[in-house]
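Try each task on your own before you read its solution.

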Amino acid sequence: MNYSNYRKDLAKNGYVIIKSNLIPKIKNKIKNKIAQKINFILKKFKLNKIQSKNFDKLMIEIYKIDKKQKVNIIKSLYEIFPSEPLFYSLSIYKIFLNISKNLGIKYPLIGTGPQIRFDRPKDKKYKTLKHQDFWYSFLSKNSITIWFNLTNVTNVDGPLTIYENSHNEGKLNFLNKRKATFEIKKNSYLKGKKIFLKKDEVLVFNQFLVHKSGFNSSNKPRVSIQLRFNDLFSLEKITSSFKFANSEFVINKQKKL
């Protein structure tokens with residue numbers, strides 16, 4: 001793998017797409033774990049298991065159930081899947097650490113825990129607007145995000161949109177009008193590039209790169225994963241943006257004692 005070209009593209013454009021034959025295996029492991037958790041949740045709700053081995057079809061089915069039964073399987077996945085050991089361990093997978101180091105992160109530090117998104121069809125409330133991932137750490141100017149989708153993504157699924165070269169403007173100011181998302185104040189990035197990854201590809205981008213979620217007009221949630229890394233050797237302050245903390249559930253329980 002020629003990382004010298006990847007480093008040049010990352011510096012020039014703010015992003016790079018990396019291919020590896022290890023990626024499909026990792027994606028399949030995650031999809032299988034999600035399927036297991038879905039059937040566990042269905043059992044809790046006293047609903048029938050879904051036997052489909054096709055991940056896209058599985059997501060179509062659970063979205064139908066959520067709308068019809070109002071049981072909110074997707075919300076339940078958001079609640080429990082970050083605690084899944086396989087998912088939690090993604091940040092220390094050798095391939096992702098190697099990608100980080102070869103792209104200029106001398107000593108990778110976890111920026112945030114692994115993030116999973118289920119972007120529901122027609123949803124506007126939780127759709128992320130134009131933003132920079134740097135806002136989630138404010139620590140390393142060479143910090144990166146590794147992003148990849150688990151469901152198939154076409155135009156109707158709301159592909160991730162990036163704004164090439166926008167990383168060169170550094171940290172931009174943002175509005176926090178809603179709890180769910182941020183948005184840059186400066187709205188000068190009009191021409192975006194939609195990202196369509198192959199099964200053996202991941203997107204890596206500089207955390208100053210402006211990007212946003214596309215609008216999902218399909219019949220299934222768009223499922224994606226992102227990992228964020230800071231660099232110990234370029235920290236603006238000796239601290240971390242990744243902290244262990246009690247969940248909202250635990251905090252509310254504590255308040256009642």
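**Exercise 1.** Work out whether Lys75 is buried, partly exposed or exposed, and find out how Glu79 and Lys75 are placed in helix 4.

*Solution.* 
Step 1: Lys75 has a relative accessibility of 44%, so Lys75 counts as partly exposed. The cut-offs are under 20% relative accessible area for buried, over 50% for exposed, and in between for partly exposed (1.4 Å probe, protein chains only).
Step 2: Glu79 has 55% relative accessibility and therefore counts as exposed.
Step 3: Glu79 and Lys75 form a salt bridge, with 3.5 Å between the closest N and O atoms. The term means a side-chain nitrogen of Lys or Arg within 4 Å of a carboxyl oxygen of Asp or Glu.
Step 4: The two residues are four apart in helix 4 (residues 73-80), which means that about one helical turn separates them. Helices (H or I, at least four residues) and strands (E, at least two) are DSSP runs, numbered from the N terminus.

Before you go on, a word about the source: this is a predicted model, where local features need pLDDT of at least 70 and side-chain atom pairs count only at pLDDT 80 or more, while totals for chains, interfaces and linings use all residues. Residues are numbered from 1 along each chain as its sequence is written, and side-chain values use heavy atoms, with hydrogens and water left out.

**Exercise 2.** Which parts of the chain does the salt bridge between Lys220 and Asp157 tie together?

*Solution.* 
Step 1: The closest N and O atoms of Lys220 and Asp157 are 2.7 Å apart.
Step 2: Lys220 sits in the loop between strand 9 (211-212) and strand 10, and Asp157 in the loop between strand 3 and strand 4 (161-162), so the pair ties together parts 63 residues apart in sequence.
Step 3: Both Lys220 and Asp157 are buried.
Step 4: Through shared partners, salt bridges join Asp56, Asp157 and Lys220 into one network.

**Exercise 3.** Is strand 8 largely enclosed or open, and which strands pair with strand 8?

*Solution.* 
Step 1: Six of the six residues of strand 8 (residues 201-206) are buried, so the rest of the structure largely encloses this strand.
Step 2: Glu201, Leu203 and Phe205 are buried on one side, and Val202, Val204 and Asn206 on the other.
Step 3: Strand 1 (residues 15-19) pairs with strand 8 in the antiparallel sense over five bridges; to pair, two strands need at least two bridges found by DSSP. Here Tyr15 stands opposite Phe205.
Step 4: Strand 3 (residues 144-149) also pairs with strand 8 in the antiparallel sense, over four bridges, and Ile144 stands opposite Asn206.
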